[in-house]
Amino acid sequence: IEIYSLHVDCKVASRFAHTVITSKIVNRANESREATFEVELPKTAFITNFSMSIDGKVYPGIIKEKASAQKEYDTAVSRGQSAGLVKITGRKLEQFHVSVSIAAASKVIFELTYEELLERQLGKFELLIKVRPKQLVKHFQIDVHIFEPQGIRFLETDSTFMTNELTKALTKVQNETKAHILFKPTVDQQKINPELDETLLNGDFVVRYDVKRGATAGDIQIVNGYFVHYFAPREMPVFPKNVIFVIDRSGSMAGRKIEQTRDALLKILQDLRPEDHFSFITFNSKVAEWKSSLLQASTENVASAAGFVQTLSASGGTDINRALLAAVGVLDKAERLPGRSVSMIILLTDGQPTSGESNVEVIQENIQEAVNGKYALFCLGFGFDVSYKFLEKMALSNGGIARRIYENADAALQLQGFYQEVATPILMKIEMQYPENAIEGLTKNNFKLFFEGSEIVVSGKIINELDLLPVEIKAQSHASDLTLKEEANVKEKEQVFQNQIYIFGNFIERLWAYLTIQQLLEKSISAQEEDQKTLEAQALELSLRYSFVTPLTSMVVTKPADQQQTELANKPTEAG
């Protein structure tokens, strides 16, 4: 079985990435063989299309409602015969895997398409392409086209497998608003050494970039009546933070996990600003407050905290409920905190609640009632013994987010990286306002906090014939209350994309659908049961209309008559 051509074609138009992977395979044996197509794609992406064509006959993947697809599949196949086609393979990736048996001398072409909105983190967008052909490929090519009307501020490529020889196969062409990256190594350049037929191409190929930002009220783009508004202010004063670290020191944290936690906390302490206030609560079946109140992050206090962190050891049970209530208590009774400041609780745990209150629903209610919208709660789940669903619901119900920390060598870096994302709040209570009678289907437009290095994205559909789209942003900064205004000239904005031949049609409409689905799914996590059904029904309707494989849909992959007929591709989620 020879992969004679592998082409990754990626077009990014204003942060929305559309990637097509095409693999052409021939069976050089004189009997039938199994041809496999295995691709890793970002977890944040939705698959939108898949097909295989065997000697010219096309077998398309069809996207259906998950429940009905599963029913059909169960009738067709005795249960348990085949695992799904998609599974999570790591912190950022999931793997799509399909095999088909092809006759001697036959050819098969696999084609997979997926789309995602690139999210700005720590000041850059990242496009991740996983490269692992497992053999030398005669025609191998990665093609990335980027078009950013705001202008490209910087652009870099990075890869885990580059050699001096392979660098010669990489070309970058860039002007003000466009970039083209081409990576096209010959068979000789792909080899680990000239004698062996083994490939060097195994790892990540990453493109990172950021855009220029001129206008204060962000940047608006419009295509075919849909708009997207990007807002990422910079050079603003940072809010002082009041942060409580709630650290699990139960028995299961013993050994490497608690060591990595200590390493990360020591670095995080160094990153605190002098005007920040902080404290620690550690817990197993008992809850221990390091200090009874928040301390200012002075050199002395940070040094004393570092001494405390170095003594952290792990044993015993897990009382998440009391630990979080204690953290809320410390914030509630805090005095002499800076007038305008942001209060947050960062929970790190690696297990289920086993001591004290162990009913997760009761814990969620207790915490939501205690926090009462005053503070943001971030939940970090270490490893795979946590109930991620529980942590995610708790964080989303209290203005924060949840993250899984993977038990790898870089766990301490993952923890630090997360802290850096929330370390610099520069705006709070952000309201993005648009003319009510002219817009429908508006995505989320109220945000509790904005952190430096990220970006707010709002999208919607313009329903009236507007010449100008006025926007108004209201927010609180550390210094003052802000009102920013901007007017977008609809005709001019529509023009920007008209002459870009390689941009895929109505991409802002697809971006709007992608964002809406992501937000509906996120909202349903912390919603009451009744609302949950409504939100999921809306997300399902959009997933089917725009053909996205989301947690509510499945792609049915059919095969030639002589083989197991159908397989399902489902979207895995972090909560399992």
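Biologist: Between which strands is the loop that holds Leu-122?
Modeller: A quick heads-up: this is a predicted model, where local features need pLDDT of at least 70, side-chain atom pairs count only at pLDDT 80 or more, and totals for chains, interfaces and linings use all residues. Residues are numbered from 1 along each chain as its sequence is written, and side-chain values use heavy atoms, with hydrogens and water left out. Strands (E, at least two residues) and helices (H or I, at least four) are DSSP runs, numbered from the N terminus. Leu-122 is in the loop between strand S8 (107-117) and S9.

Biologist: What phi does Leu-122 have?
Modeller: Most residues other than glycine have a negative phi. Leu-122 has 44% relative accessibility, so it counts as partly exposed (buried is under 20% relative accessible area, exposed over 50%, partly exposed in between, with a 1.4 Å probe and protein chains only). Although Leu-122 is not a glycine, its phi is positive, at about 50 degrees.

Biologist: And which loop holds Ser-547?
Modeller: Ser-547 is not a glycine either, yet its phi is positive, about 45 degrees. With 28% relative accessibility, Ser-547 counts as partly exposed. Its loop is the one between helix H12 (529-545) and strand S30 (553-558).

Biologist: Moving inside, how much space lies in the largest cavity?
Modeller: Rolling a probe the size of a water molecule over the atoms shows where empty space is left. On a 1 Å grid over the protein atoms alone, a cavity is a set of points where a 1.4 Å probe fits but cannot get out, and lining residues have an atom within 4 Å of a point. Points are joined across faces, edges and corners, and the volume is the space filled by probe spheres set on them. The structure holds one cavity of 30 Å³ or more, and the space in the largest cavity is about 100 Å³.

Biologist: Which element gives the largest share of its lining?
Modeller: The lining has 13 residues, with Leu-265, Ile-268, Ile-346, Leu-380 and Leu-415 nearest the centre. Strand S17 (241-248), helix H4 (256-271), strand S21 (342-349) and helix H9 (411-422) each supply at least two residues. Four residues, the largest share, come from H4.

Biologist: How many aromatic pairs does the structure hold?
Modeller: Rings of Phe, Tyr and Trp (its six-membered ring) pair if their centres lie within 6.5 Å; planes under 30 degrees apart count as stacked, over 60 as edge-to-face and the rest as tilted. With that rule, the number of aromatic pairs is 29.

Biologist: Why is the pair of Phe-16 and Tyr-514 given its class, and what is that class?
Modeller: Phe-16 in strand S2 (residues 16-26) and Tyr-514 in helix H11 (residues 507-525) are 498 residues apart, so the pair links distant parts of the chain. Phe-16 counts as buried at 0% relative accessibility, and Tyr-514 is buried at 4%. Their ring centres are 6.0 Å apart and the planes are at 75 degrees, so the pair is edge-to-face.

Biologist: What angle do the planes of Phe-378 and Phe-418 make?
Modeller: Phe-378 is in strand S22 (residues 376-382) and Phe-418 in H9, 40 residues apart. Both Phe-378 and Phe-418 are buried. The ring centres are 5.7 Å apart, and the pair is edge-to-face because the planes are at 65 degrees.

Biologist: Which ring does the charged end of Lys-257 sit over?
Modeller: A charge sits over a ring if NZ of Lys or CZ of Arg is within 6 Å of the ring centre and within 35 degrees of the ring normal. Lys-57 does this with Tyr-59, 5.0 Å from the ring centre. For Lys-257, at 5.8 Å from the centre, the ring is that of Phe-382.

Biologist: Last one: how far apart are the C-alpha atoms of Phe-231 and Glu-455?
Modeller: Phe-231 is in strand S16 (residues 226-231) and counts as buried at 1% relative accessibility. Along the chain, Phe-231 and Glu-455 are 224 residues apart, yet their C-alpha separation is 5.8 Å.

Key
On a 1 Å grid over the protein atoms alone, a cavity is a set of points where a 1.4 Å probe fits but cannot get out, and a pocket is an open set with protein on both sides within 12 Å along at least five of seven lines; lining residues have an atom within 4 Å of a point.
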